[in-house]
Amino acid sequence: MTAADASAPAGATRSGASPAAATQAEPGTDPFVSFTSSDRFATVGEIYEAARRALPPPVWDFLDGGSGGEQTLRANLSSFERWSVLPRLMTGAGEPDLARSFLGIELSMPVMTSPFGADRLLHRDGHLAVARANAKAGVASIVPEAGSYSWEEVTMAAPGAARIAQLHPMGNPANFAAMLRRAADLGFSALCLTLDCPTAGWRERNMRNRFDVDVDVDVVSGNYPHAGPADLADTLGQLFVRREPIWTWDELAGRMAGSPLPWLAKGILTGADAVAAARAGAAGILVSNHGGRQLDAVPAALDQLPEIVAALGGRVPVALDSGVRRGGDVVKALALGADVVVIGRAAAMALAAGGEEGVGRLLELFREEISTTVKLLGATGVDGLTSEMITSAAGRAVPGW
Ligand SMILES: Cc1cc2nc3c(=O)[nH]c(=O)nc-3n(C[C@H](O)[C@H](O)[C@H](O)COP(=O)(O)O)c2cc1C
């Protein structure tokens with residue numbers, strides 16, 4: 001490990017503004033090099049670097065960091081490096097088809113953005129900018145309950161992209177029921193229930209920085225304005241001070257029975273919980289460890305994906321998040337059985353780096369890398385990615401972008 005690696009925060013170990021950039025010839029001085037791109041960000045790594053420069057260090061740590069000793073945060077990143085892909089040669093495949101439908105939502109590629117709360121800490125336009133960029137790219141936003149902007153504001157910013165509303169299954173049941181109605185009335189296509197967050201994780205970087213996103217802070221109260229009918233402490237307050245028991249699958253099933261919208265169970269890490277969620281009525285499973293921000297020392301989400309896909313036996317569609325940092329990662333998750341991939345920090349960092357334009361550029365880079373990877377694998381499109389194209393044979397312990 002180099003000195004530069006050692007000083008980099010754990011979550012950024014696969015980032016990397018190209019060191020080669022420093023040694024490139026000046027444009028026009030080398031007849032064998034053409035500089036064709038005027039894009040502000042040439043790689044995802046450059047977007048990460050720009051986000052790090054844009055954010056105050058405690059906010060960067062809040063975004064980049066994980067929980068506990070960050071074992072899971074590191075595992076999420078290194079697991080993508082342990083899986084290798086196996087191409088098929090001379091297949092005659094043409095331009096790949098990347099489109100995918102998920103829970104009735106048509107996506108131009110199998111990517112959605114995750115519900116990350118406190119978004120105005122990262123950029124003044126928060127999820128408004130994410131939704132606008134998603135609408136242009138033909139992908140969907142999962143819009144957070146604990147966001148800086150209300151579901152209404154994000155929907156108005158880009159109705160075509162704001163398609164899934166995220167909720168925490170906790171707090172006052174009357175408020176929960178009202179939120180289910182609110183999501184349906186706003187025209188959301190689905191709900192996403194975050195099941196792995198009955199209380200906030202043990203975030204040591206925030207503790208070291210004396211940094212707290214508390215119920216009093218308005219960056220999380222977009223859906224619960226201070227003068228509004230619902231008391232924030234009675235709803236999201238549970239995230240900060242746990243007062244009630246965690247709901248059971250039966251309670252969850254009962255409370256969801258009144259919703260006309262299909263729902264996605266977020267935070268699933270075992271086949272048994274995937275089956276329990278499906279029995280409770282989930283229309284989709286989001287395999288996730290919350291990006292290593294909740295319970296530390298759980299396995300990488302990607303490593304749990306095959307067990308969960310096998311347990312569900314194709315009866316329920318599967319999404320994955322946690323550790324996805326580039327288009328090639330999306331392809332690996334699809335080959336291991338995910339129907340769609342959800343990006344958290346990658347989208348959040350792009351937001352911090354350049355607002356709507358930053359997220360738009362990130363999605364462009366994801367799309368181009370997915371397309372290139374699918375072509376090089378010899379597949380006709382994302383539907384042609386299979387488990388025969390992926391192996392866990394190679395093992396590099398330390399990832400690098
Ligand atoms: C700054 C930040 C805030 C988040 N807030 C929420 C939230 O309010 N609700 C939720 O379900 N997940 C939240 N998450 C987790 C993401 O939805 C997602 O599961 C995670 O970021 C995926 O891992 P990745 O960042 O490695 O892609 C948050 C993540 C980040 C980075």
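**Entry 1**

I began at His 290, which is buried because 25 other C-beta atoms lie within 10 Å. For burial I used C-beta atoms placed from the backbone: a residue is buried if 20 or more others lie within 10 Å of its own, exposed if 12 or fewer, and partly exposed in between. The model is predicted, so I kept to its limits: local features need pLDDT of at least 70, side-chain atom pairs count only at pLDDT 80 or more, and totals for chains, interfaces and linings use all residues. Residues are numbered from 1 along each chain as its sequence is written.

I placed His 290 in the loop between β9 (284-287) and α12. Helices (H or I, at least four residues) and strands (E, at least two) are DSSP runs, numbered from the N terminus. Phi of His 290 is near 65°, a positive value in a residue other than glycine. Most residues other than glycine have a negative phi.

I then looked up Ala 297, which is found in the loop between β9 and α12. Its phi is near 80°, again positive in a residue other than glycine. Ala 297 has 13 other C-beta atoms within 10 Å and is therefore partly exposed.

**Entry 2**

I moved on to Ala 301, which lies in helix α12. Ala 301 is buried, since 29 other C-beta atoms lie within 10 Å. Leaving out residues up to four places away in sequence, I listed Asn 76, Leu 269, Val 287, Ser 288, Asn 289, Leu 320, Asp 321, Ser 322 and Gly 323 as touching Ala 301.

With the same exclusion of residues up to four places away in sequence, Val 287 touches, among others, Ile 268, Leu 269, Ala 301, Ile 308 and Leu 320.

**Entry 3. The nonpolar core**

I next looked up the largest nonpolar core, which has 118 residues. Such a core is a set of buried Ala, Val, Leu, Ile, Met, Phe, Trp, Tyr and Cys residues joined through C-beta atoms within 7 Å. Leu 191, Leu 264, Ile 285, Val 287, Leu 320 and Val 341 are the residues with the most contacts inside it. Helix α14 (residues 345-377) gives this core its largest share, 16 residues.

**Entry 4. α11 against α12**

I recorded that the axes of helix α11 (residues 271-279) and helix α12 (residues 301-312) come within 8 Å and cross at roughly 40°. Axes are lines fitted to C-alpha atoms, for helices over the stretch in contact, and angles run from 0 to 180 degrees between N-to-C directions. The two helices, α11 and α12, are therefore oblique to each other. Angles under 35 degrees count as roughly parallel, over 145 as roughly antiparallel, 65 to 115 as roughly perpendicular and the rest as oblique. From α11, Gly 271, Ala 274, Val 275 and Ala 278 make the contact, and from α12, Glu 307, Ile 308, Ala 310, Ala 311 and Leu 312. I classed the residues of this contact as seven nonpolar, one polar and one charged. Here Ala, Val, Leu, Ile, Met, Phe, Trp, Tyr, Cys and Pro count as nonpolar, Asp, Glu, Lys and Arg as charged, and the others, Gly among them, as polar.

**Entry 5. α2 against α14**

I found that the axes of helix α2 (residues 44-54) and α14 come within 9 Å and cross at roughly 160°. The pair α2 and α14 is therefore roughly antiparallel. The contact of α2 with α14 divides into 13 nonpolar, two polar and one charged residues. I listed the buried residues of α2 as Val 44, Gly 45, Glu 46, Ile 47, Tyr 48, Ala 51 and Arg 52. Their cover includes α3 (57-64) and α14.

**Entry 6. Two arginines**

I looked up Arg 255 in helix α10 (residues 249-256). Arg 255 is partly exposed, with 17 other C-beta atoms within 10 Å. Arg 255 touches Pro 173 and Phe 176, not counting residues up to four places away in sequence. Its C-alpha lies 7.3 Å from that of Ala 177, although Arg 255 and Ala 177 are 78 residues apart in sequence.

Arg 182 I found in helix α7 (residues 173-185). With 17 C-beta neighbours inside 10 Å, Arg 182 also counts as partly exposed.

**Entry 7. The whole chain**

Technical notes
Contact = placed C-beta atoms within 7 Å.
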